[in-house]
There are 2 protein chains.
Amino acid sequence: MFTPRPIGFVRSPFKDVSAIPKGLGATHPEEGALEILPEFAAGLTDIEGYSHLIVLWAFDRSDGYDLLVTPPTDSCPHGVFTTRSPRRPNPIALTIVELLGRENGILRVRGVDMVDGTPILDIKPYLSNIPAEKLRRGWLGEAEARQ
Amino acid sequence: MFTPRPIGFVRSPFKDVSAIPKGLGATHPEEGALEILPEFAAGLTDIEGYSHLIVLWAFDRSDGYDLLVTPPTDSCPHGVFTTRSPRRPNPIALTIVELLGRENGILRVRGVDMVDGTPILDIKPYLSNIPAEKLRRGWLGEAEARQ
């Protein structure tokens, strides 16, 4: 396999995991920054043309994993791979952010749901959607419908 | 950080990277399977309710990285973080697949663009779309428009 290394770090208004909104209807309108390390900043060339980015980052405060998880959005357990739980076999997280601007190696973004200082593993362009009429959202869709 | 480990392996009709369609207009309608290792299969509980999954996997045949990449879809170089190049600082790949069915630890899916035997790192539910009218697709959108 490979040895993960940070390509940069998240700057976020959240200093602690408990401050991040969770559960049904939680939104993440907060602005923050992706500070990419100088040695990787050339990898951002032409990124301004994209409105949205996929950010892969490490749950670096998580230790171990559970295969069944009772998420804050529901009252019964579901498989970890149907959730965004940080306690997963490979503690990799994914957040989609809106790109607001760039100054050299710093990307100003909206939609951060990470703690300040979180290590970033990768950035990818958000390219396309699954047609809404084809999307089924499992137990989360059911929990939302019950609300 | 953490030590990546496979949670399973992709079964795909592609035995070699060169067989996978690339470039403008490439589609991936192929069916394949995500074979999750027995020790992680309980993490799939309730996954049948989701129509689409995000699969994170390892570019295990890639070695090293380039910060500037000339992709098959364009004639000039772009930053690696605006591309899906396998040669990236953390060789993690992302594919969105349609879930067709499940038999225990085996997920039958449509949309594989991985080589047979590729190690899977994580599976996450595909939950929502960015509104199409808000999406800008950078140099890739421009290359498509020129075609």
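Two strands count as paired when DSSP finds at least two bridges between them. By that rule, strand β1 (residues 8-11) of chain A pairs with strand β2 (residues 31-36) of chain A in the antiparallel sense, over four bridges. The views below are of a predicted model.

**Figure 1. Strands β1 and β2 of chain A pair in the antiparallel sense.** The view covers residues 8-11 of β1 and residues 31-36 of β2 in chain A. F9(A) has E35(A) as its bridge partner in β2(A). Four bridges are found between these two strands of chain A.

**Figure 2. β2(A) also pairs with strand β7 of chain A.** Strand β7 spans residues 106-110 of chain A, and five bridges link β7 to β2(A). The sense of this pairing is antiparallel. E31(A) has R110(A) as its bridge partner in β7(A). In general, the strands of a sheet pair through backbone hydrogen bonds, either parallel or antiparallel.

**Figure 3. Six strands of chain A form a closed barrel.** Around the barrel of chain A the order is β1-β2-β7-β6-β3-β8, with antiparallel pairing. On average, neighbouring strands of this sheet are turned by 45° against each other, direction ignored. One of the pairings joins strand β3 (residues 52-58) of chain A to β8(A), through five bridges and in the antiparallel sense. In that pairing, I123(A) of β8(A) stands opposite V55(A).

**Figure 4. The barrel of chain B has six strands in the order β1-β2-β7-β6-β3-β8.** These strands of chain B pair in the antiparallel sense. Strand β1 (residues 8-11) of chain B runs antiparallel to strand β2 (residues 31-36) of chain B, and four bridges join the two. The bridge partner of R11(B) is A33(B), in β2(B).

**Figure 5. A rotation of 180° superposes chain B on chain A.** The shift along the rotation axis is 0.0 Å, and the RMSD is 0.0 Å. This is the relation of a two-fold axis. Among the residues of chain B, N129(B) comes closest to the rotation axis, with its C-alpha at 2.8 Å.

Figure 6. The size of an interface is often given as the accessible area lost when the parts come together. Between chain B and chain A the buried area is about 5800 Å², and carbon and sulfur atoms give 62% of that area.

**Figure 7. Two salt bridges cross the interface of chain B and chain A.** In one, the side chains of D122(B) and R88(A) meet at 2.8 Å, N to O. The side chains of R88(B) and D122(A) also form a salt bridge, at 2.8 Å, N to O. This pair runs from the loop between β5 and β6 of chain B, where R88(B) lies, to strand β8 (residues 119-125) of chain A, which holds D122(A). Over all chains, the count comes to 26 salt bridges.

**Figure 8. Polar contacts between chain B and chain A number 39 residue pairs.** Both residues of each pair have pLDDT 80 or more.

How values were computed:
Residues numbered from 1 in each chain as written. Chains lettered and ligands numbered in written order. Predicted model: local features only at pLDDT ≥ 70, side-chain atom pairs only at ≥ 80, totals over all residues. Heavy atoms only, no water. Least-squares fit on C-alpha atoms with pLDDT ≥ 70 in both. Buried area = accessible area lost by both parts, 1.4 Å probe. Salt bridge = Lys/Arg side-chain N within 4 Å of Asp/Glu carboxyl O. Polar contact = N/O pair within 3.5 Å; in protein donor to acceptor, adjacent residues only side chain to side chain. Axes fitted to C-alpha atoms, helices over the stretch in contact; angles between N-to-C directions.
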